[in-house]
Amino acid sequence: MARILVLDDEKDACRLMQRVLSAMGHQVLVFTGSAEARAWLEDNEPDLALLDIKLREDNGLSVLRLLRSRWPAAKVIMITGFPSAETAREATRLGIEDYLVKPVEIEDLEYRVNSALGERPLEK
């Protein structure tokens, strides 16, 4: 079981990821705002973070930078509904494990989470 942080300002996306990841046996902490996620990250290390790049009041890349400075071993999957080469390059430079484009398919989410955690991925 891994401790997984989910940061996405879309509540439906958070509920879906929480349901899927919890069913996989993981402890899932969901945040819809970056301030709350940042506060949690001050004292808590996730095994994996799923970070939306475009947030209402912030940018997921800035949360990724904080995560890397505080918990460099944490695995990260960036999620976006607005893919761009620039954000993909920056996220890759900061050492992410994967990059997902919305809408995220359940099977794809399960596969990529297992891969990022170094677990045997489910058949895709």
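## Exercises on a predicted single-chain model

Leu51 touches, leaving aside residues up to four places away in sequence, Leu5, Leu7, Gly60, Val63, Leu64, Val76, Ile77, Met78 and Ile79, where a contact means heavy atoms within 4.5 Å. The model is a predicted one, in which local features need pLDDT of at least 70, side-chain atom pairs count only at pLDDT 80 or more, and totals for chains, interfaces and linings use all residues. Residues are numbered from 1 along each chain as its sequence is written, and side-chain values use heavy atoms, with hydrogens and water left out.

**Exercise 1.** State how many helices and strands there are in the chain, and in what pattern they follow along the sequence.

*Solution.* Then read along the sequence, where the pattern is β-α-β-α-β-α-β-α-β-α.

**Exercise 2.** Identify which residues touch the most other members of the largest nonpolar core, and which elements give two or more residues to this core.

*Solution.* A nonpolar core is a set of buried Ala, Val, Leu, Ile, Met, Phe, Trp, Tyr and Cys residues joined through side-chain atoms within 4.5 Å, and buried means under 20% relative accessible area with a 1.4 Å probe, protein chains only. The largest core has 24 residues, of which Leu5, Leu7, Leu41, Leu51, Leu64, Val76 and Met78 touch the most other members. Two or more residues come from each of strand 1 (3-7), strand 2 (27-31), helix 2 (34-43), strand 3 (48-52), helix 3 (60-70) and strand 4 (75-80). Helix 3 gives the most, with 5 residues. A second, separate core of 18 residues includes Ala13, Cys14, Leu50 and Leu109.

**Exercise 3.** Explain why the radius of gyration of the chain agrees with that of a compact globule.

*Solution.* The radius is taken over C-alpha atoms, and the globule rule is 2.2 Å times the number of residues to the power 0.38. Because a compact globule of 124 residues would have a radius of gyration near 14 Å, the 13 Å of the chain agrees. Over the chain, 48% of the 124 residues count as buried.

Notes:
Helices (H or I, at least four residues) and strands (E, at least two) are DSSP runs, numbered from the N terminus. Buried means under 20% relative accessible area, exposed over 50%, partly exposed in between (1.4 Å probe, protein chains only).
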